[in-house]
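Please read them beside the coordinates.

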Amino acid sequence: MINVLLIEDSAVFVMGLKLALSAEKNFASVEAVGTPGLAVAYLNAHPETDVAVVDITLEAETDGLTLLGILREAFPSVRTLVLSHYKKPAYILRAISSGASAYLAKDSAPESIVKAISDVAAGKCLFFGETIDSVKITRIFGGQENLLSRKPQGLTSRELEVLQLTTSGYSNAQIASALEISLNTVDSYKERIKGKFGLDSIVECVAHAVAEEIVSV
């Protein structure tokens, strides 16, 4: 029996997903919260939760992509699945790199979403649903091996964060503040990124990452 937490601030979407899941016999409970803070509080109080279904565009406190990393560290036994309107490869890469076992678009068929949640609870991973081009995502990761290891183009999740923030125009000091790391650590990450891409400057790395849809502008 599967215990599910929906982390979603759209009451209408929650209602529809609860209705779809309630028709399945293998779901013991389906609860919903609308903010990351409530999600953490709920999971602390309910360690039996098997799967957290996370929306990216949460309006309170932090976004769903950042929340995935928090959940991975604080609740390693809880598997995560992203449901989002967004199909941008950069979002999918960050979600998978942050520990999500699956990423489905909200226009997926209800039965696909239900099956994905069941499969994720059973320990399976890397489902993208019928409305996301999984072949394209595999290519952007740099191959099946990188996809399975959750490292797009060989980058770690933190290196990917640094690259995305750099692409978004953050200075080294702003990146250090956002990620709560030192300036020297930011420099180290950028050197690693350049080495993995085989390029001489971080500007070239950003251009390459944007062209390959590893990050979004």
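1. The largest nonpolar core holds 51 residues, and I7, Y103 and L163 have the most contacts inside it. A nonpolar core here is a set of buried Ala, Val, Leu, Ile, Met, Phe, Trp, Tyr and Cys residues joined through side-chain atoms within 4.5 Å. Buried means under 20% relative accessible area, exposed over 50%, and partly exposed in between, with a 1.4 Å probe and protein chains only. Helix 4 gives the most to this core, with five residues. Apart from it lies another core of 19 residues, including V30, L83, V114 and I117.

2. On provenance: this is a predicted model, in which local features need pLDDT of at least 70 and side-chain atom pairs count only at pLDDT 80 or more, while totals for chains, interfaces and linings use all residues. Residues are numbered from 1 along each chain as its sequence is written, and side-chain values use heavy atoms, with hydrogens and water left out.

3. What does I7 touch, leaving aside its neighbours within four places in sequence? I7 is in contact (heavy atoms within 4.5 Å) with V33, T35, A39, A52, V53, V54, D55, L58, L67 and L71.

4. I117, one of the residues of the 19-residue core, lies in helix 5 (residues 110-121). Helices (H or I, at least four residues) and strands (E, at least two) are DSSP runs numbered from the N terminus. I117 counts as buried because its relative accessibility is 0%. Not counting residues up to four places away in sequence, I117 touches V4, L21, F27, V51, V53 and L81. L81 is 36 residues from I117 along the chain, yet their C-alpha atoms are separated by 7.2 Å.

5. Helix 3 (residues 64-74) and helix 4 (residues 89-97) have axes that come within 9 Å and cross at roughly 10°. The pair is therefore roughly parallel. Axes are lines fitted to C-alpha atoms, for helices over the stretch in contact, and angles run from 0 to 180 degrees between N-to-C directions. Angles under 35 degrees count as roughly parallel, over 145 as roughly antiparallel, 65 to 115 as roughly perpendicular and the rest as oblique. L65, T66, L68 and R72 of helix 3 meet Y91, R94, A95 and S97 of helix 4. These contact residues divide into four nonpolar, two polar and two charged. By class, Ala, Val, Leu, Ile, Met, Phe, Trp, Tyr, Cys and Pro are nonpolar, Asp, Glu, Lys and Arg are charged, and the others, Gly among them, are polar.

6. Helix 4 also packs on helix 8 (residues 157-167), at an angle of about 150° and with the axes 9 Å apart. Helix 4 is therefore roughly antiparallel to helix 8. On the helix 4 side the contact is made by A90, L93, R94 and S97, and on the helix 8 side by S157, L160, E161 and Q164. Three nonpolar, three polar and two charged residues make up this contact.

7. Is helix 8 mostly covered or mostly open? Helix 8 is mostly covered, with eight of its eleven residues buried. The buried residues pack against helix 4, helix 9 (172-179), helix 10 (183-197) and helix 11 (202-211). Among the buried residues of helix 8 is Q164, which counts as buried because its relative accessibility is 10%. Beyond its neighbours within four places in sequence, Q164 is in contact with A90, R94, V215 and S216.

8. Helix 9 and helix 10 pack at an angle of about 105°, with their axes 9 Å apart. They are therefore roughly perpendicular to each other. N172, A173, I175 and A176 of helix 9 and L183, V186, D187 and K190 of helix 10 form the contact. Its residues are five nonpolar, one polar and two charged.

9. Most residues other than glycine have a negative phi. Phi of Q153 is positive, near 55°; Q153 lies in the loop between helix 7 (144-148) and helix 8 and, at 22% relative accessibility, counts as partly exposed. Phi of E180 is also positive, near 55°; E180 lies in the loop between helix 9 and helix 10 and, at 74% relative accessibility, counts as exposed.
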